[in-house]
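Take a moment with the sequence and the fold before reading on. The walk below starts with the whole chain and ends at single side chains.

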Amino acid sequence: FQLRQELPWRQSMNAFEQRKEKTMIQVRKGSDRGHADHGWLQSWHTFSFADYHDPAEMGWHGLRVINEDIVQPGKGFGMHGHRDMEIVTWILDGALEHKDSMGNGEVIRPGEAQRMSAGKGVLHSEFNPSQEKATHLLQIWIEPNVRGVRPSYEQTYFPPEERHGRLRLVASSDGREGSVTIHQDAALYAALLAPGEAVRHALAPGRHAYLHVARGAARLNSQPLRGGDGAKIADEENLEIVASEDAEILLFDLP
């Protein structure tokens with residue numbers, strides 16, 4: 001009799017725990033990322049990349065790579081190839097000179113989002129054109145929802161005033177609001193926040209998100225995060241990001 005009485009209670013508790021677990025913010029500390037020291041390049045890998053492999057960190061719902069790179073003056077990545085990947089480069093400090101097999105040659109600076117759809121195959125190089133100042137950047141890879149497309153390139157500037165105190169859309173599947181266009185049902189937002197400033201974002205049912213704090217400090221639904229930290233987000237209807245100090249953040253809305 002006692003067992004039969006306890007069983008419904010245990011079942012209800014299990015159901016409660018399952019519902020509780022569905023709502024998830026999983027923090028990824030910057031200090032836990034993979035790190036590669038190549039002398040001319042310092043690179044921190046949020047997800048598995050190159051020689052860094054963690055089976056628990058293979059990406060998050062189409063977001064495959066967030067690499068934070070510091071490239072020394074006059075150094076860079078020689079010509080190399082990519083295929084079937086949406087590559088977004090975001091400069092935090094300094095500049096990066098890009099050349100590719102499509103004939104593009106551009107210098108990317110802070111506030112500019114560069115998108116390269118590798119498609120059926122492309123070669124490119126990336127160098128720090130300065131002989132004095134290091135380049136600090138984020139390189140982001142998003143898995144496309146179509147493969148074998150013709151490679152393409154796009155670069156757009158988003159002034160600081162468009163990012164101060166708000167989530168500015170910088171990449172999307174349809175290029176709305178002047179964002180660069182990616183082959184995936186995903187959206188990337190950038191924001192610059194002063195201490196105490198807050199931005200909010202609603203997630204549609206079934207959508208996921210990833211928050212990356214590029215620098216500074218902020219709280220995500222009361223979870224504290226510092227520069228280099230990130231958070232996997234699932235089954236959260238509303239996100240509130242409040243800066244604890246001057247902060248730059250990137251928020252991914254993912255399928």
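Predicted model: local features only at pLDDT ≥ 70, side-chain atom pairs only at ≥ 80, totals over all residues.

Start with the whole chain. The protein chain holds two helices and 22 strands. Its radius of gyration is 20 Å, close to the 18 Å that the globule rule gives for 255 residues, so the chain is as compact as a globular protein of that length. Along the principal axes, the C-alpha trace spans about 80 × 40 × 40 Å.

Of the 255 residues, 49% count as buried. The accessible surface comes to about 12200 Å². Carbon and sulfur atoms own 48% of that surface. Among contacts with a separation of 6 or more, 70% are between residues 24 or more positions apart.

Next, go inside. In soluble globular proteins, nonpolar side chains tend to be buried together. Here the largest nonpolar core has 25 residues. Those with the most contacts inside it are L63, W90, I140, L188, Y210, L250 and F252. Which strands each supply at least two residues of this core? They are strand 4 (63-71), strand 6 (86-93), strand 11 (135-142), strand 13 (168-172), strand 15 (187-193), strand 17 (208-215) and strand 22 (247-254). A second, separate core has 23 residues, including V199, L220, I249 and L251.

Leaving aside its neighbours within four places in sequence, I140 is in contact with L63, V65, E86, I87, V88, L188, L250 and F252.

Five of its five residues are buried, so strand 13 is largely enclosed by the rest of the structure. Three bridges join strand 13 to strand 15, and the two run antiparallel. In that pairing, A171 stands opposite L188. Two bridges join strand 13 to strand 14 (residues 180-181), and here the run is parallel. The bridge partner of A171 in strand 14 is V180.

E86 is found in strand 6. Is this residue buried or exposed? With a relative accessible area of 1%, E86 is under the 20% cut-off, so E86 is buried. The side chain of E86 makes a polar contact of 2.7 Å with the side chain of S117. Not counting residues up to four places away in sequence, E86 touches R115, M116, S117, I140, W141, I142, P144, T181, I182 and H183. For a sense of scale, take L239. E86 and L239 are 153 residues apart in sequence, and their C-alpha atoms are 25 Å apart in space.

End with R33. Where does R33 sit? R33 lies in the loop between strand 1 (24-28) and strand 2 (34-37). R33 counts as buried, because its relative accessibility is 11%. What does the side chain of R33 meet? A polar atom of the R33 side chain lies 3.0 Å from the backbone oxygen of G30. The side chains of R33 and E68 are joined by a polar contact of 2.9 Å. Beyond residues up to four places away in sequence, R33 touches R28, W44, H45, T46, E68, H212 and G228.

Key
Residues numbered from 1 in each chain as written. Heavy atoms only, no water. Core = buried A, V, L, I, M, F, W, Y, C linked by side-chain atoms within 4.5 Å. Buried < 20%, exposed > 50% of the residue type's maximum accessible area, 1.4 Å probe, protein only. Helix = DSSP H or I, 4+ residues; strand = E, 2+ residues; numbered from the N terminus. Contact = heavy atoms within 4.5 Å. Polar contact = N/O pair within 3.5 Å; in protein donor to acceptor, adjacent residues only side chain to side chain. Rg over C-alpha atoms; globule rule 2.2 N^0.38 Å. Areas by Shrake-Rupley, 256 points an atom, 1.4 Å probe, with all protein chains shown as cover. Pairing = 2+ DSSP bridges.
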